[in-house]
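Subject: Structure handover

Hello,

Here is the structure I said I would pass on. Please open it first and keep it in view while you read the notes below.

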Amino acid sequence: DRSPSRGLGDVYKRQGYKGQIIIKSLIQLLLIISYSSIGYTADYNARTILNITPTFYENSFEYTINQEGRAYFIATNTTTDKTGLYLTGGPGGYQTFYYQEGEPAHGLIDVTMTGSIFWEANNNAFVYLVGLEGNDISDENNWAMYAGNLLTGPRLVYQLGDEIPSLPGSTIAYVSDNMQVNESGEVVFKVQYFPDASNQNFSTLKTAILKSSGTNLSLVATGTSSELISDFLRRYGPYIDKNGHVTFIAKLDGVFKLWTGEAGNLTSILAVGDKAPPPSSQTIVSLNDVNIYETSVYFIARVANGNRLLYSRTGTDFRLVKEHNGDLANVNSSANGKLSYLKYATGGSIVIDSEQEDVMPSEIAIELQQAPDLAEGVIMADLDSLLSSNDFRQVIFNSILVGDGITEANNEGIWLYDPTYGLHPVIREGGSVELDLTDTRTIKRVRGQINLSLIHISE
């Protein structure tokens, strides 16, 4: 059961730009790797900015990177044995970031935060769910959600047991880590609630989508669990764009529909049973994998002839990105709206497609083909990876290798596609990384999340 890695890489540098990635290896290092050379070079020009061991335990590492190249990460301090959410760039290379196990819970009296936390970040904005203990805390109110940004700090969004706005007498019964935050710190999320707090029979449970903007908490939609679906992959949303508009897939009157808008002003823009937007004329039989970036919505529709259609929608305009006779998955958008995704070919092999310029998507990596820059006969055997891309049409992903000389000690790596220089390896198991000028280590395993930040540093 192998989790795919997310990616960005360092094989070359471009004049005027600085790129950064986060990777994690089993030697328990959190590394930010930077690259800034001119033109392509086969040398791995990576350096470690932060080594989190031995300050932190390895367990529960999750991390992401903002546009300034600073990394959020969650870890347990080896000295205090307490979990915290941290941000690189402070004294000693990191700083505590609002959440620290055992510290007072913001906005609550005589209540502290526990070691249980779920979180998301979007550039300098964040949202997190945290466990509570202390004065008047019980199983009915022992979770709270906070959101904010680096300038304003956290605000209390809700506490388990609160009443839902516009639903008098209701009570929030279960929290969900299905939550998204935009760069302004606005949050959209799902909860389950009892419509009548005095009748907490499980048969009465309903699901709500809520939006938090500043101090305002509003009800976006409500329905049964079969109407407002919560799934681990979040294929049905909700998502929130930079203007605060919410997008999700939900069922109304027995029909799944794609919804967008704000509380009190939702619009169904497409539904199962509709004709797919042009140029297709096929009938839609299912909708899934909705997501959003900036103000564009993208989603996958399965149509009557069995094909999958990947669409992007900006304003009222639909754009068909790809029609394919197999599955499409792991769609990723750059800030300029160009999509990259996995395409499952006949026989089950995987191809990575990416939009380059204003043309049809290009195949940038193909399973069971020769791995670039490696010995003849070494092939990319598994491309089932999450993707990361940027505005310079670069795409990063993880791959498994097979072939002569390939063992479990060197078979995983991170790859970068660049439209000028093509596809090249970034970093690989069995390779080395420099912790400082006198300490170079061998990479035992590459895994987890890899996030891309590419910053323009000269005009």
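Asp-353 counts as buried, at 0% relative accessibility; buried stands for under 20% relative accessible area, exposed for over 50%, and partly exposed for what lies in between (1.4 Å probe, protein chains only). This is a predicted model, in which local features need pLDDT of at least 70 and side-chain atom pairs count only at pLDDT 80 or more, while totals for chains, interfaces and linings use all residues. Residues are numbered from 1 along each chain as its sequence is written, and side-chain values use heavy atoms, with hydrogens and water left out.

Salt bridges

Asp-353 and Lys-343 meet through their side chains in a salt bridge of 3.3 Å, N to O. The term covers a side-chain nitrogen of Lys or Arg within 4 Å of a carboxyl oxygen of Asp or Glu. Asp-353 belongs to strand S28 (residues 350-354) and Lys-343 to strand S27 (residues 339-344), so the pair ties together parts that are 10 residues apart in sequence. Strands are DSSP runs (E, at least two residues), numbered from the N terminus.

Lys-343 is buried too, with a relative accessible area of 7%. Its side chain also meets that of Glu-363 in a salt bridge (2.9 Å, N to O). This pair links distant parts of the chain, with Lys-343 in strand S27 and Glu-363 in strand S29 (residues 362-366), 20 residues apart. Glu-363 is partly exposed, at a relative accessible area of 47%.

The structure holds seven salt bridges. Another one of them joins Glu-294 to Lys-242, with the closest N and O atoms 3.4 Å apart. Glu-294 sits in the loop between S22 and S23, and Lys-242 in the loop between strand S18 (239-240) and strand S19 (246-252), so the pair ties together parts that are 52 residues apart in sequence. Glu-294 is partly exposed, at 27% relative accessible area, and Lys-242 is partly exposed at 46%.

Strands

Strands of a sheet pair through backbone hydrogen bonds, either parallel or antiparallel. Here, two strands pair if DSSP finds at least two bridges between them.

An open sheet is formed by four strands in the order S22-S23-S24-S25, with antiparallel pairing. Strand S22 (284-293) and strand S25 (317-324) stand at the edges with a single partner strand each, so one side of each is left without a neighbour in the sheet. Within the sheet, seven bridges join strand S23 (residues 296-303) to strand S24 (residues 308-314). Ser-296 is found opposite Thr-314 in S24.

Strand S16 (residues 206-213) pairs with S17 in the antiparallel sense over seven bridges. Which residue of S17 is the bridge partner of Thr-207? The partner is Gly-223. S16 and S17 form a hairpin with two residues between them, and Gly-214 in the turn has a positive phi of about 60°. Six of the eight residues of strand S17 (residues 216-223) are buried, so this strand is largely enclosed by the rest of the structure.

Aromatic rings

The structure holds 11 aromatic pairs. Rings of Phe, Tyr and Trp (its six-membered ring) pair if their centres lie within 6.5 Å; planes under 30 degrees apart count as stacked, over 60 as edge-to-face and the rest as tilted. Ring pairs link Tyr-99, Phe-126, Tyr-128 and Tyr-146 into a cluster. Phe-194 counts as buried at 5% relative accessibility, whereas Phe-202 counts as exposed at 57%.

Regards
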